[in-house]
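Have the sequence and the model open as you read.

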Amino acid sequence: MLEKGLRGEAKMEVVAGNTASEVGSGSVPVFATPMLVALMESAAIDALRDKLPAGQSTVGTKVEIVHTAATPLGMTVTAQAELVEVDGRRLVFTVSAQDEAGPVGEGRHERFTIDLEKFMSRVKKRKSYND
């Protein structure tokens with residue numbers, strides 16, 4: 001059972017491939033906001049590691065963050081997530097991130113638990129829409 005208080009963490013070094021100028025979210029060589037979002041989602045997933053029954057997973061449905069500081073090449077961004085609300089299949093996390101110099105972002109992230117087989121069946125149906 002998933003309970004409030006579960007925590008997770010994820011880290012990523014800032015390299016050429018995850019900068020704003022490389023991923024298309026800006027023109028400067030600093031950690032990209034979309035990469036910060038992905039890192040925060042990874043921290044939430046880490047909080048759930050080994051906590052879900054076989055055949056279940058989660059999908060992200062909502063992200064509300066502020067990206068408050070630019071992280072240059074060579075530094076590492078560390079994100080933390082804490083599960084703060086469990087409402088049936090809906091899971092809400094507070095998320096934050098920092099680099100070696102201090103905070104770089106914070107916010108909330110929502111995920112839903114899914115049955116993998118049912119979910120992939122719906123994905124397959126959706127894919128066949130244009131066939």
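Which side chains meet Arg-7 or Glu-82 in a salt bridge? They meet each other, with 3.2 Å from N to O. A quick word on terms: a salt bridge here is a side-chain nitrogen of Lys or Arg within 4 Å of a carboxyl oxygen of Asp or Glu.

Some housekeeping before going on. This is a predicted model, so local features need pLDDT of at least 70 and side-chain atom pairs count only at pLDDT 80 or more, while totals for chains, interfaces and linings use all residues. Residues are numbered from 1 along each chain as its sequence is written, and side-chain values use heavy atoms, with hydrogens and water left out.

**The salt bridges**

The count by this rule is 8 salt bridges. Back to the pair we started with: Arg-7 sits in strand S1 (residues 7-13) and Glu-82 in strand S3 (residues 76-87), so this pair ties together parts that are 75 residues apart in sequence. Strands are DSSP runs of E, at least two residues long, numbered from the N terminus. Arg-7 is exposed at 61% relative accessibility, whereas Glu-82 is partly exposed at 22%. The cut-offs are under 20% relative accessible area for buried, over 50% for exposed, and partly exposed in between, using a 1.4 Å probe and protein chains only.

Now for Arg-108, which has a salt bridge with Glu-85. Arg-108 belongs to strand S5 (residues 102-115) and Glu-85 to strand S3, so here the parts tied together are 23 residues apart in sequence. Arg-108 is partly exposed at 37%, and Glu-85 is partly exposed too, at 28%.

Asp-87 and Arg-90 make another pair. Asp-87 is partly exposed at 47%, as is Arg-90 at 22%. Through shared partners, salt bridges join Glu-85, Asp-87, Arg-90, Arg-108 and Glu-110 into one network.

| Pair | N to O distance |
|---|---|
| Arg-7 and Glu-82 | 3.2 Å |
| Arg-108 and Glu-85 | 3.9 Å |
| Asp-87 and Arg-90 | 3.7 Å |

**A look at Thr-113**

Is Thr-113 buried or exposed? Thr-113 is buried, with a relative accessible area of 10%. Its place is in strand S5. Leaving aside neighbours within four places in sequence, Thr-113 is in contact (heavy atoms within 4.5 Å) with Leu-2, Leu-52, Gln-56, Ser-57, Thr-58, Arg-89 and Leu-91.

How values were computed. Helices (H or I, at least four residues) and strands (E, at least two) are DSSP runs, numbered from the N terminus.
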